[in-house]
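Please have the structure open while I talk.

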Amino acid sequence: MANQASEQVDTLESFFEETLPKMDRQFTSHDFFLKLLHGHQNEYVAALAAHQDKGTPFKDLHWALFQRLQKLEGKLIKKQQDDYPSQDIFGIASTTTLWRKV
C-alpha cells in the first residue's frame, strides 16, 4: 500500500506548478491543499484511499504533500513562517506553514 500511496502523491505533485499560480501571493499549506483538492478531486480521493492503512488518511496525505511542497522552496515559493495559525481541512484551529510566491 505504501508504494501505491507514493504513486498517488506523485500524481498530485504533478499538479503543483499549475496550482501555484491560482494561489494568493501569501498562502498557507492548508490553503494550497484545498486548492489542489478542488482542482483534482478524483486524484485527491484516490490518494486519500491509498493512505487509509494507518487510520489517519488526511493527516498522512497532507504530510506527504507538505514534504513535496517544501521541495519548491527557493524555486517557486519561500517559507515565511512555521506554526502559522490556520484552520485545517475540517475547520479545526491548527497551525501550518505560511508561504510566499517568489
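This is a predicted model: local features need pLDDT of at least 70, side-chain atom pairs count only at pLDDT 80 or more; totals for chains, interfaces and linings use all residues.

Leaving aside residues up to four places away in sequence, serine 29 touches Phe66, Leu69, Thr96, Thr97 and Trp99, where contact means heavy atoms within 4.5 Å. Residues are numbered from 1 along each chain as its sequence is written, and side-chain values use heavy atoms, with hydrogens and water left out.

With tryptophan 99, the side chain of serine 29 makes a side-chain polar contact at 2.9 Å (a pair of N or O atoms within 3.5 Å; within protein, one must be able to donate a hydrogen and the other to accept it, and residues adjacent in sequence count only if both atoms are side-chain atoms). Is serine 29 buried or exposed? Serine 29 is buried, at a relative accessible area of 1% (buried is under 20%, exposed over 50%, partly exposed in between, with a 1.4 Å probe and protein chains only).

Serine 29 belongs to helix H3, residues 29-39 (helices, H or I, of at least four residues and strands, E, of at least two are DSSP runs, numbered from the N terminus). Leucine 98, in E3, stands opposite threonine 28, and three bridges join E1 to the antiparallel strand E3, residues 93-101 (strands pair if DSSP finds at least two bridges between them).
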